Amino acid sequence: MSILKGKVWTFGNDIDTDAIIPARYLNTSDPSELALHCMEDADPSFVAKASPGDIIVAGKNFGCGSSREHAPLAIKAAGISCVIAENFARIFYRNAINIGLPILESAEAAAFLKEGQQVEINLEEGKISELSSGRTFTAVPFPPFMQGIMAKGGLINYIREKQNKK
Amino acid sequence: MGHTIAEKILARAAGKKEVFPGDLINAKIDLALGNDITAPVAINEFKKTGADKVFDKERIALIPDHFTPNKDIQSAEQVKLMRDFARQQEIVHYYEVGRMGIEHALLPELGLVLPGEVVIGADSHTCTYGALGAFATGVGSTDLAAVMATGELWFKVPPTIRIVYHGNLPPWVGGKDLILYTIGKLGVDGARYAALEFSGPAIGKLGMDDRFTISNMAIEAGAKAGLFSPDEVTRKYLQGRAVRPYNAVLGDDDAPVAEEYNWDVESLEPQVSLPFSPANAQPVSSVVGTEIDQVVIGSCTNGRIDDLRQAAAILKGRKVHPRVRLLIIPATQAIYLQAMREGLLEIFAEAEAAVSTPTCGPCLGGHMGILAAGEVAVATTNRNFVGRMGHPESRVYLAGPAVAAASAVSGVIAHPGDIGGGEAR
């Protein structure tokens, strides 16, 4: 895992997966096509504004609603390096870990960070630093079991290794 | 100290004597589900696991229901990918257009989901099967791929939130009204990560169709599952339907729960959830008179035969308001046929409603009834987020079939008791 650095884009509470990737685009599962419509119904100009490495910061229950894995896939393919939220909806949380989209839970960071700020993240330590103020935040640590999945780069690699051992 | 139904089912599936909320476990999966949106992603991931064959070709259900009958070339390609995989893997429970239905209506109807089982589906409304006393939860495509390869999946044992409904349900109030009211009370994240457990005298009398509606929307409060304890109603529903023997699991009365709510629903009004959240539940009287353009009666939430009967009771001898389009979508081919035999389809057609073959279509803004900018719909579906049924500037009010049908004939949101006639369930 590496150090991530990018500009903050803020969103509110209860951002649902229909806002992250509207169902009208789900006739494909090609991540690069999904990325063109990332966050479209929350902020239609998001894809045009965001740059690779940028960071989404949101309130509570990010990713609620549908189970579509297309939501974290769209965010990842749009070049977003990490999603920080007060907390995540359950299925989105699983999906993000499974596909290797970095996510961090920190109520303090979610409340403090403002749009346009530059943030540096040490994923291994769960450390979030806002560069102009120097404020740092520590995210809720992942259980060791999930760290294991993430260390393998996602659930499929984790399973492939288990299958090979059998 | 006792355990909740969720804990007892998960303990059994994990081969443990008991489990507690917060435990991370590996559970054997009794049935895994995918649809034409989520399965294509899962199939690609499955191929990467290195497995040649699925863990059990009788324990996987692949249902093309979302953008079917294929709405465009891309959707057709997605379904074809799933169909080819089903044939190659000899998946037993793949159901083609004309034989299929909306997954969460179809699988229980076929007796494929049973009390005490653990079911995962790459669809958030998989929690529907909690109505049968199964631990059923929505996951993503990669989780489905993992299950197709191994037959197992990891879970965090959820805490349980118990909801007890007291009193007798008033006329025109059914499962949809109870669950909208519940989500309104809890909020869209009030049950995040938890298992909801529904009980109490008011719901003991509800039939399976109303129970499916209630469990179906547990996810809209953020819940991982929405469970009923199996009873005589469950047993009768499964008679002659269950495809394999089952061992029902009941919760212990002394099981500690994270939260318990006791609500008297004796004087509950039919509920409507206003845009743009299922948690914006209000009594229908607060929005009566709101002009509408379209009504949808159907979906995995309310497309079952009791829902159609309720709609027909109101639509009989009436016409849909000239300004309104009414779409009625029986949830499965069997429900469609039953509605035909009972004369419901004739009532719908004479009322000038459009009746469609089973599809999830309009619920998620896929096809078959997309809204234009500024249009307003009443829908018996499950979500009313921004852009859910079409243009981001359209608006959806969620309601049960009685309110939806009454609104369709009135041209405005209406209380079914106010328009005269019909029969309360």
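**The largest cavity and its neighbours**

Mentor: Start with helix 4 and helix 10 (299-302) of chain B: each supplies at least two residues of the lining of the largest cavity. A helix here is a DSSP run of H or I, at least four residues, numbered from the N terminus. This is a predicted model, so totals for linings use all residues, while local features need pLDDT of at least 70 and side-chain atom pairs 80 or more. Residues count from 1 along each chain, chains are lettered from A, and hydrogens and water are left out.

A cavity is a set of points on a 1 Å grid where a 1.4 Å probe fits but cannot get out; lining residues have an atom within 4 Å of a point. By this rule there are five cavities of 30 Å³ or more.

The largest cavity has a volume of about 230 Å³, the space filled by probe spheres set on the points. Its lining holds 22 residues. Nearest its centre lie B:His66, B:Asp123, B:His125, B:Leu364 and B:Arg388. By class, the lining of the largest cavity has seven nonpolar, ten polar and five charged residues. Asp, Glu, Lys and Arg count as charged; Ala, Val, Leu, Ile, Met, Phe, Trp, Tyr, Cys and Pro as nonpolar; the others as polar.

Where does the largest cavity lie? Domain 1 (5-262) and domain 2 (271-418) of chain B both give residues to its lining, so it lies between them.

Now the second largest cavity. About 130 Å³ of space lies in it. It is lined by 15 residues. A:Cys64, A:Gly65, A:Ala89, B:Ile219 and B:Gly222 are the closest to its centre. Its lining divides into seven nonpolar, five polar and three charged residues.

Then turn to open space. A pocket is an open set with protein on both sides within 12 Å along at least five of seven lines. The second largest pocket holds about 310 Å³. Of its 16 lining residues, B:Asp209, B:Tyr237, B:Arg241, B:Ile305 and B:Ile335 are the closest to its centre. Helices of chain B also give residues to this pocket. Helix 4 (103-109), helix 8 (208-216), helix 9 (232-238), helix 11 (305-315) and helix 12 (333-341) each supply at least two. The lining of the second largest pocket has eight nonpolar, two polar and six charged residues. Domain 1 and domain 2 of chain B both contribute to that lining, so this pocket lies between them.

Technical notes: Domain bounds come from an automatic or database domain assignment.
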